[in-house]
Amino acid sequence: MIKNSLEWKKILYKNYQVIAKFINQTDKNSISYSKFEIAIFTSAFIIRKLAESNKIPPDLLRKELTIKEIKKKSDIHIDIVNDHRFSKIYEMKATVKKIDLGYLINQLIHSFSFYVFLNNKGLVDTILINSDFSKRKSAYLIKLSILLENILYVSEGSMDKATYQRLNEYDKKGNIIESNVIKLTSGTYSFPHEMNLKKIIRDTFAGKVYKRNQGSRNK
């Protein structure tokens with residue numbers, strides 16, 4: 001359980017900087033790519049831990065995201081030897097799919113395949129990902145802007161109001177696992193100064209990295 005989210009959110013912000021630098025880096029190498037990977041995966045873990053510690057509103061992980069899905073060919077087995085052979089493994093037709101942020105976080109934490117793609121300007125703008133479970137059926141194409149926006153949303157905001165209730169926890173069969181557990185049921189998240197996240201992300205892909213306001217209050 002996280003007691004004070006300040007230091008965790010500082011790491012999230014630093015992860016944003018690492019990802020932003022990699023997006024615009026012209027001389028990418030194995031070291032910069034590894035730093036990029038670490039920033040992506042640790043961001044997912046931090047957001048999960050902040051949610052479990054009631055440091056972000058529960059509605060955030062239910063936020064709907066629009067991504068694309070490519071189905072795996074039914075007669076192909078995917079493993080660490082062939083997961084890069086996209087045209088052999090997947091149907092080359094992407095369809096729009098709706099997921100929530102919590103599902104994306106799960107895919108990152110339990111990831112199997114993870115690849116990056118460049119746009120026509122040579123910038124990293126999309127990741128391909130699936131998990132140990134979802135690899136059996138498909139892979140997902142996620143715009144990096146979606147992930148960056150949510151990383152900054154969490155890192156730069158703080159909880160102003162929170163409502164807690166005592167609730168029972170159930171397993172998948174409907175049996176009570178634990179009774180009267182204190183749960184965060186709703187919360188208000190705000191920022192110390194006006195932030196236009198959409199513009200910040202557009203600027204990030206144009207080479208202008210967002211600089212945190214030194215007076216930010218993150219709790």
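Asn 54 sits in the loop between helix 2 (30-52) and strand 1, where helices (H or I, at least four residues) and strands (E, at least two) are DSSP runs numbered from the N terminus. The phi of Asn 54 is near 60°, a positive value in a residue other than glycine. The model is a predicted one, with local features needing pLDDT of at least 70 and side-chain atom pairs counting only at pLDDT 80 or more, while totals for chains, interfaces and linings use all residues. Residues are numbered from 1 along each chain as its sequence is written, and side-chain values use heavy atoms, with hydrogens and water left out.

Now for the overall picture. The protein chain has six helices and seven strands, and from the N terminus on they run α-α-β-α-β-α-β-β-β-α-β-β-α. The radius of gyration is 19 Å, close to the 17 Å that the globule rule gives for 219 residues, so the chain is as compact as a globular protein of that length; here the radius is taken over C-alpha atoms and the rule is 2.2 Å times the number of residues to the power 0.38. Along its principal axes, the C-alpha trace spans about 50 × 50 × 30 Å. Of the 219 residues, 41% count as buried (under 20% relative accessible area, with exposed meaning over 50% and partly exposed in between; 1.4 Å probe, protein chains only). Take the contacts (heavy atoms within 4.5 Å) between residues at least 6 apart in sequence: 65% of them join residues at least 24 apart.

What the side chain of Lys 9 does have is a polar contact with the side chain of Tyr 189, at 3.0 Å. Such a contact is a pair of N or O atoms within 3.5 Å; within protein, one must be able to donate a hydrogen and the other to accept it, and residues adjacent in sequence count only if both atoms are side-chain atoms.

Lys 72 lies in the loop between strand 1 (64-71) and helix 3 (86-89). Lys 72 is also buried without a salt bridge, and Asp 75, the nearest side chain of opposite charge, is 6.7 Å away. A polar atom of the Lys 72 side chain lies 2.4 Å from the backbone oxygen of Ile 76. Beyond its neighbours within four places in sequence, Lys 72 is in contact with several residues, including Ile 89, Tyr 90, Lys 135 and Arg 136.

Ala 94 belongs to the loop between helix 3 and strand 2 (95-100) and, at 36% relative accessibility, counts as partly exposed. The C-alpha atoms of Ala 94 and Ile 70 are separated by 4.8 Å, although the two are 24 residues apart along the chain. Not counting residues up to four places away in sequence, Ala 94 touches Lys 68, Glu 69, Ile 70 and Leu 141.

Finally, the hairpin. Strand 6 (residues 158-170) and strand 7 (residues 176-190) pair in the antiparallel sense over 11 bridges, where pairing requires that DSSP finds at least two bridges between the strands. Ala 162 has Gly 187 in strand 7 as its bridge partner. Five residues separate the two strands of the hairpin, and Gly 174 in the turn has a positive phi of about 90°. Within strand 7 itself, Asn 180 has a phi near 55°, again positive in a residue other than glycine, and is partly exposed, with a relative accessible area of 47%.

How values were computed: Lys and Arg count as positive and Asp and Glu as negative; His and the chain ends are not counted. A salt bridge is a side-chain nitrogen of Lys or Arg within 4 Å of a carboxyl oxygen of Asp or Glu.
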